[in-house]
Amino acid sequence: MAGKIRVRASLNGDKCEVKALMRHPMETGMRKDAQGNQIPAHFIKEVVAKVGDRVVMQAHWGAAVSQNPFLGFEFTGAKAGDVVVISYVDNKGETDDGSATVK
Amino acid sequence: MKTLIKILLTPLLAVSLLAGCETQEAAVAVETTAPATAKDMLMASMKPKNQATMDRLNQDELQAACSNANNMAGDAAAMEALRKAAEASVVYPADGNYLGDWKNGNDIAANGKGLQWNDDPSDPNGGNCYACHQLDPKEVAYGTLGPSLTNYGMRGQSELMLKYTWAKIYNPHVYNVCSHMPRFGTQNILTEQQMKDIMALLLDPNSPVNQ
Amino acid sequence: MMFQSRRSILKMGGALIALAALPLRALANFVRNDAAFTATSMDTTFAALGAEPVDSADIVVGSPDIAENGAVVPVEISTTIPGATRIMIMVEKNPNPLSAEFFIPEGTVASVSTRVKVSQTCQIFGVVEANGKFYKASKETKVTLGGCGG
Amino acid sequence: MTTLHNKRAHLGIAALCAMLLAPITVAQDDDVFAEYRAMMGDENPAIFTIEEGQELWETPMGPKNVSLEQCDLGLGPGVVEGALAQLPRYFEDAKAVQDVEARLLYCMETLQGRDVIELLDKPYSSIGEQGTELEALVAFVADRSMDAVVNLPQGHPAEQAMYKKGEEIFYYRAGPHDFSCATCHSQTDKRIRLQALPNLTTNEGAGFAFTTWPGYRISEGLLRTMGWRMQSCGRQQRLPQFQSGSEAVIALETFMGVNAKGAVMAAPGLKR
């Protein structure tokens, strides 16, 4: 079963449009909870999108990317049936990944 | 009607009431009490939290009279009596000084905190004027439940105007017996100094409201 | 807790080995610049990046004129500058302006979209690196006080 | 995988339609957010909560180790499709009018034999959390009720009584600020700051509000339920705290839902 990343990849002419939604709190470390305790920083630091061995997107993020982050981009050279895999690693070392078949 | 009573309390709620230190008779009583009033139902459905205690569900005469679709109850004489009572509740500044600092006033007008169960009671309450009124025309986030107060200061600073505006903030029911607006003075939501600062925001020619 | 059960939590020691198994770290030359991510002003961020960006009309910063909520502001940066390999999003008045950077490999369109936190009304910058040079453009987004104010 | 993708597309399109076709008349000033909402697109993180809810619905739990799949949400045991469009309603087994939150807890208690006190104690997420069991289940039921026409039953005297009581509570002014629900929700085309306020006494306004909760609350990054919405309104009325699935909440939901008759479910939508 896939993890907490939802990926959509659809062909639009010669381009493949990728949209990904990740389930992640993206805590800045500057907020306090109801009891007034500091909520520790918890955010995705790096995201990679690949088709096979080909890297089609790589990103570094700070805690200012919004909660449950969205990533959208386009690349060329994809064909229907290719699988786009997106994975992340956060500042606690937690990772997750998700994939979609290009349509 | 008599068959409805027990229906109004779900078994779950009965369970939670039991958990909340009610005796077992409470669950039985649920089956036999008369149909709940709105207040009874609210009392059974809410829990006190921090400063928001259950006595806040008690209505005063004015609240009770204004709790219906027409926002008015009782005959003209009864409503006039309520209006008079509102008038009598207004305390004007002892020093005769109505105008504070409009800069503070603007902060108070923008602050929506105070008296909620998630608010720190040691912080000053806000007036939250912008929730319902347009004031500084440069502020885009204003509500429309009340009239726009932009350029309110055009009305001048006559004794009449000062007293009218003060009373309107202190207890708006003086002018409209079932006004939707809070009674900032009568209900001790704002301090006298805070209301003076709001007055300045409205009436000071240098306030952004009047630019 | 239940919702995190599927997440693999990597122990510090095993992190590198585990990462090797994942598609991450694919581009060794695209290294995170922590000094840039923790810099507290636009100027110090540019200094950390070693960048002296010039204004460019070939970068489009797409963000709403007015955001319903500063916690989530949609931002899209695209550029037609030839050879663009990196796109950065910087929010002028955030505690740390650099929010995200995207490496654009060969064959990927120089256009990315995401959503960022914007602490107060300010300029949102799109910064592009192409052939070792930096370019920038910006757009203002107003952040409003939402809801009932409480 | 395929069905989830379809479901997601479905959710997205419905959310988009809800935004475009929202029956609430928006004053021209409110158009300031049109661009913002269009840019948010159809990517609604509620999808995660819906999936979690489906998993919770199908997983055997509790002392009896059964799933909730035989839970009767009003349209028969196991029927989830469209259920939210007909809640709150009277349930013979519970001898009570229940909303979706109360009913789900009732099923956990009776079908699964679970102790629901803890769930009742903390039904809604705090900021920074990732969703409660109840929120996930409500999201799942809402998703399966997408496009259903609102039609709360009013045949049983208890259902009629709930409507009446809901109307009374709607106008009940109390607390230091003298607020009732009606203070903000009985006029058309008004807003509080920049947020449009639905007039819950009209079919149009009640329809908009009833069909768009639960919703993914952008500002909090959380799926919020109607029960939470009521609790949050009550907080800003400066009143004590509404309890999930309590009578007053069910009465208010009944008042709104009956007023919303004929509107089309579009939850979970995207909220501020």
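How many bridges link strand 6 of chain C to strand 9 of chain C, and in which sense do the two strands pair? They pair in the antiparallel sense, over seven bridges. (Two strands count as paired if DSSP finds at least two bridges between them.)

## Before we dig in

This is a predicted model, where local features need pLDDT of at least 70 and side-chain atom pairs count only at pLDDT 80 or more, while totals for chains, interfaces and linings use all residues. Residues are numbered from 1 along each chain as its sequence is written, chains are lettered from A and ligands numbered from 1 in the order in which they are written, and side-chain values use heavy atoms, with hydrogens and water left out.

## Chain C and its strand 6

Chain C has three helices and ten strands. Helices (H or I, at least four residues) and strands (E, at least two) are DSSP runs, numbered from the N terminus. Of its 150 residues, 55% are buried; buried means under 20% relative accessible area, exposed over 50%, and partly exposed in between, using a 1.4 Å probe and protein chains only.

Now back to strand 6 of chain C, which covers residues 84–91 and has seven of its eight residues buried. Its partner from the opening question, strand 9, spans residues 122–130, and there C:Ile124 sits opposite C:Val91. Strand 6 of chain C also pairs with strand 7 (residues 98–103) of chain C, again in the antiparallel sense, through five bridges. In that pairing, C:Met88 faces C:Glu101. To get from strand 6 to strand 7 of chain C, the chain goes through a hairpin of six residues.

## Chain B and one of its residues

Chain B is built from nine helices and one strand, in the order α-α-α-α-β-α-α-α-α-α from the N terminus. It has 211 residues, and 47% of them are buried. Take its contacts (heavy atoms within 4.5 Å) between residues at least 6 apart in sequence: 58% of these join residues at least 24 apart.

Let's pick out B:Met199, which lies in helix 9 (residues 192–203) of chain B. Its relative accessibility is 0%, so B:Met199 counts as buried. What does B:Met199 touch, leaving aside its neighbours within four places in sequence? The contacts are B:Tyr98, B:Leu99, B:Leu162, B:Thr165, B:Trp166, B:Ile169 and B:Asp204. B:Asp120, on the other hand, is 79 residues away along the chain, and its C-alpha atom is 26 Å from that of B:Met199.

## Helices in chain D

Two packed helices are described by the angle between their axes and the distance between the axes. Axes here are lines fitted to C-alpha atoms, for helices over the stretch in contact, and angles run from 0 to 180 degrees between N-to-C directions. In chain D, the axes of helix 10 (residues 226–236) and helix 11 (residues 247–259) come within 10 Å and cross at roughly 105°. These two helices of chain D are therefore roughly perpendicular to each other. (Under 35 degrees counts as roughly parallel, over 145 as roughly antiparallel, 65 to 115 as roughly perpendicular and the rest as oblique.) Helix 10 of chain D brings D:Met226, D:Gly227 and D:Met230 to the contact, and helix 11 of chain D brings D:Val249, D:Leu252, D:Glu253 and D:Met256.

Helix 9 (residues 203–211) of chain D has several buried residues, including D:Ala206 and D:Phe210. The buried residues of helix 9 pack against helix 10 and helix 11 of chain D.
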